[in-house]
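Work through the exercises below with the sequence and the coordinates at hand. Each task is followed by a worked solution.

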Amino acid sequence: MSPPIVISVVVLSYDRVHLLERALTSGLRQQAPAGGGFEFIVVDNHPDRLAEGLVARLAAQSAVPLTYLSDPRRNISVVRNKGIAAAKGTYVAFFDDDEAPDDLWLCELHACLERTGADVAFGPKLPLFEAGKAPDWDPEAWLYTLDFRMAADAPIQMFGRLRRKGKGLGSGNAAFRVATCFNTPEPFSVAFGDANGEDTHLLFRLALAGRKFVWCPTAIVREFIETERTNPDYMVTRMKRGSQHYAASRINTSDTPKITQLKVAALGLAQFSVHAGLFLLSGEFLGRRRYDHRIGMAKGLGKLTYRAPIGFIQEKAA
């Protein structure tokens, strides 16, 4: 008799089937959490159901339940919600199709949630570069790394000035308690699902509702960074888009949206102005080896232009 499923893992796929196989192969060899089993649910968002054959092949080889779902509507919230609706576990975890978890990833997330009683647990995302090394303009891969370097079970605050207070968090490498986080028909807002802003919006809502977030440093996923994504112009665009998501989500979840809109605009203007000045004073404009202030300006512009979202950024397809 199969053990009860205590945690479900939802993985979304659009056109990166060449990376999805790596992600699922690593995921399916996870050690089962204490007290039960786990399942994987792949939700294919491509109209041609690109991942169906791969999932069928892996499901036939795996003792872990692996379910294939699809929805052609180009909206991340739609497919996230579809995966959640099919999940059988007490918890639902996510990682992206370009990420591969370490072998004890699922056990560590589950144990952290059980131990702390938290509503959401987050783990580090570390880069693995196709080129074999970080790009010259970001030699420490800081912009490709999410690691707060906090103690196990440390609380995370979504709102605050310090970087490690939740900035940069998303649903990738996170596990949610279903009863307290996904207790509505559409946990992820469809209005925010057009280009990766849905997880920022959800986390703001959960934080404002008093949900508890914790850090799990031993639950590690490794993100495969294709060479095309090490182009600094790609990162500038991505940072601008992320800042747009922050602004739109912060305003939408505020009790005083007009005041928050003014605060966000003031922050964006200050951020752009300071970095524009430093861009000139530092001489960064003379070369393409440094992008600190270009990125800072992009973040400022993102807050000022959130009403004109960038949308999906074209990336390498299968």
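**Charges**

Exercise 1. In this predicted model, how far apart are the mean positions of the positive and negative charges of the chain?

Solution. The chain carries 39 positive and 34 negative charges.

**Overall form**

Exercise 2. Why does the radius of gyration of the chain agree with that of a compact globule?

Solution. Start from the length, 318 residues. A compact globule with that number of residues would have a radius of gyration near 20 Å, and the chain has 20 Å, so the two agree. Next, take the extents along the principal axes: the C-alpha atoms fill a box of roughly 65 × 45 × 40 Å. Then turn to the contacts between residues at least 6 apart in sequence: 77% of them join residues at least 24 apart.

Exercise 3. Is V55 buried or exposed, and which residues is V55 in contact with beyond its neighbours within four places in sequence?

Solution. First, locate the residue: V55 belongs to helix 2, residues 52-61, in a chain with nine helices and ten strands. Second, its relative accessibility is 2%; buried means under 20%, so V55 counts as buried. Third, with those neighbours left aside, V55 is in contact with L24, V42, L66, T67 and Y68. Finally, take L66 from that list: V55 and L66 are eleven residues apart in sequence, and their C-alpha atoms are 7.5 Å apart.

Notes:
Residues numbered from 1 in each chain as written. Predicted model: local features only at pLDDT ≥ 70, side-chain atom pairs only at ≥ 80, totals over all residues. Heavy atoms only, no water. Helix = DSSP H or I, 4+ residues; strand = E, 2+ residues; numbered from the N terminus. Rg over C-alpha atoms; globule rule 2.2 N^0.38 Å. Contact = heavy atoms within 4.5 Å. Lys, Arg positive; Asp, Glu negative; His and termini not counted. Charge placed at Lys NZ, Arg CZ, Asp CG, Glu CD. Buried < 20%, exposed > 50% of the residue type's maximum accessible area, 1.4 Å probe, protein only.
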